[in-house]
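Hi,

Here is the structure I promised to pass on. Have a look at it first, and my notes follow below.

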Amino acid sequence: MKKKIAILSGDGIGPEVMQAALKVLSTIEKRFNHEFQFEEALVGGAAYDKQGEHLPKKTLEICENSDAILFGSVGGPVSEQGSEKWKNCEKISLLGLRKHFLFNANFRPAKIYSALADICPLKNKLIASGIDVLVIRELLGGIYFGEHKTEIVNQKRKAIDVAEYTEDQISSIAHIGFQAAKQRKQKLVSVDKANVLDTSKLWRTIVTEVHSNYPEVMLEHMLVDNCAMQIIQNPSYFDVILTENMFGDIISDTAAVLPGSLGLMPSASLNSNGFGMYEPSGGSAQDIAGKNIANPTAQILSAAMMLKFSFGLSEESKIIEDAVEKVISDGGRTIDIAREDLNSISTLQFTERIVNIIKHL
Ligand code: NAD
C-alpha cells in the first residue's frame with residue numbers, strides 16, 4: 001500500500017516522540033511491503049520561528065495533499081504563554097486544523113496495561129477486571145462553537161455562551177460511535193444532560209433513532225454527572241462512551257488519568273470523509289523536552305490508530321499495540337511509568353525495543 005503522511009512534529013517533545021513513531025512506521029513499511037511517504041510540515045512555535053505564524057498555508061497544503069496527518073504537539077513553556085511566540089499557539093494550530101478539515105469526531109482510548117496497574121491512581125480492586133475505554137467526543141458543535149458574548153445589562157456584566165446542536169451533527173457522530181462499538185465489546189454509553197438541556201434531549205432522541213441501525217450494540221443513556229462518578233468508581237463498566245463537545249472534553253480528560261501517564265494516551269480526530277489527524281493526548285511537555293526521556297508510546301499508538309482508521313491496516317496496527325504492551329510487560333519503562341525497582345530507559349531505547357519486537361513478531 002502506498003500512502004502519503006503529513007508529519008507535523010511541532011514543539012517540545014513533539015520532534016523526539018515523532019522520530020520514534022517514524023522508526024516504528026518504517027519498520028512496519030519494510031515488514032509488510034508498504035510505501036509510506038513522510039512529508040514534514042511546520043506547525044506551532046517551530047512554524048512561528050521560521051515563518052512568523054503558527055499554522056502556515058504551506059502546512060495546510062501539505063496536509064490537504066496527504067492521506068492522513070500525524071501530529072506531535074505544540075506550545076511553549078507554561079510560564080511563557082503570554083510571549084509573542086507562544087500566545088494562542090495551541091489554539092491557532094490545533095483549532096485551525098480542526099476547523100479547516102472539519103474534524104467532528106475525536107477518539108481517545110484509555111487502556112490500563114496490567115503491568116502498569118501500579119501507576120493507575122485508582123485502588124487495585126477498582127481496576128482488577130481491566131480498563132479499556134474509548135471516549136468519542138463530538139468536536140465541532142455545542143457550546144464551544146456557539147455565540148460567545150459579554151455585555152452590560154442594567155450596569156451589571158452579563159456573559160452568554162450559546163450551545164447548539166443540529167440533528168445532522170448528532171446523527172453523524174452517533175453513527176461513528178455505534179460503528180466503533182460494533183468492532184469492540186458492542187456496548188455504548190451515550191452521555192448527556194437530558195434532564196435539563198434541550199441540546200441533550202435532542203442528542204438522546206437522535207442517538208436512540210440511530211441505534212435502530214445497530215441492534216447488536218447495547219445502548220445506555222447516562223447523565224454526565226453520573227458518568228463523571230462512574231468513570232472513577234467503576235471504570236471497567238465502560239466500553240465506548242459517546243458524548244457532545246464540552247462533556248467529552250471533561251470526560252476524556254478524566255479518563256486520561258486512569259492509565260497513569262499522559263505519555264500513554266493516543267488520540268484521533270476524523271471528519272465525515274474519514275480523513276484523520278492522529279496525535280498524543282498530552283502536550284509539548286517542555287519540562288522534559290530535549291532530554292531523551294519522553295514516553296513515545298502515545299505518539300507510536302497514534303500512528304497505529306492511523307494505520308487502522310485511515311488505511312484499514314488492522315493487522316499492522318495490532319502488531320504495534322502488541323509490541324508496546326510486550327515492551328512494558330517485559331519491564332521496559334520510560335521515567336514517567338518507571339517503578340522504583342526498575343531502571344528507566346530512554347525514549348530511543350524504548351523505541352528500539354518496540355522496533356525489535358515488530359521485526360520478530
Ligand atoms: P503537557 O501535557 O505538555 O505536560 C503535562 C505533564 O505530563 C508534564 O509533567 C509532562 O512532562 C508530562 N508528559 C506529557 N507527555 C509526556 C510524555 N510523552 N512522556 C512523559 N511525560 C509526559 O501539559 P502542560 O505542561 O500543561 O503544557 C505544555 C504545553 O503544551 C503548553 O504550551 C500547552 O498549551 C501545550 N499543550 C499542547 C497540546 C497539544 O499539542 N495537543 C495539548 C495540551 C497542552
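From which domains does the lining of the largest pocket draw at least three residues each? From domain 1 (1-106 + 262-361) and domain 2 (121-258), with bounds taken from an automatic or database domain assignment.

Before the rest, a word on the source. This is a predicted model, where local features need pLDDT of at least 70, side-chain atom pairs count only at pLDDT 80 or more, and totals for chains, interfaces and linings use all residues. Residues are numbered from 1 along each chain as its sequence is written, and side-chain values use heavy atoms, with hydrogens and water left out.

Now the pockets. A pocket here is an open set of points on a 1 Å grid over the protein atoms alone where a 1.4 Å probe fits, with protein on both sides within 12 Å along at least five of seven lines; lining residues have an atom within 4 Å of a point. The largest pocket holds about 940 Å³ of space, a volume being the space filled by probe spheres set on the points. It has 35 lining residues, and Leu-134, Arg-184, Met-305, Lys-308 and Phe-309 are the closest to its centre. Helix 11 gives the most to this lining, six residues (helices are DSSP runs of H or I with at least four residues, strands are E runs with at least two, numbered from the N terminus).

The second largest pocket comes to about 780 Å³. Closest to its centre, out of 35 lining residues, are Glu-90, Leu-94, Arg-98, Ser-281 and Gly-282. Helix 4 supplies the largest share of that lining, with six residues.

On to the salt bridges (a side-chain nitrogen of Lys or Arg within 4 Å of a carboxyl oxygen of Asp or Glu). The whole structure has 16 of them. In one, Arg-108 pairs with Asp-253, with 3.2 Å between the closest N and O atoms. Arg-108 sits in strand 4 and Asp-253 in helix 9, so this pair ties together parts 145 residues apart in sequence. Arg-108 is buried at 11% relative accessible area, while Asp-253 is partly exposed at 41% (buried is under 20%, exposed over 50%, partly exposed in between, with a 1.4 Å probe and protein chains only).

Another bridge joins Asp-225 to Lys-193, closest N and O atoms 2.8 Å apart. Asp-225 is partly exposed at 42%, and Lys-193 is buried at 19%. There's also a salt-bridge network linking Asp-132, Arg-184 and Asp-239; Arg-184 is one of the residues closest to the centre of the largest pocket.

Cheers
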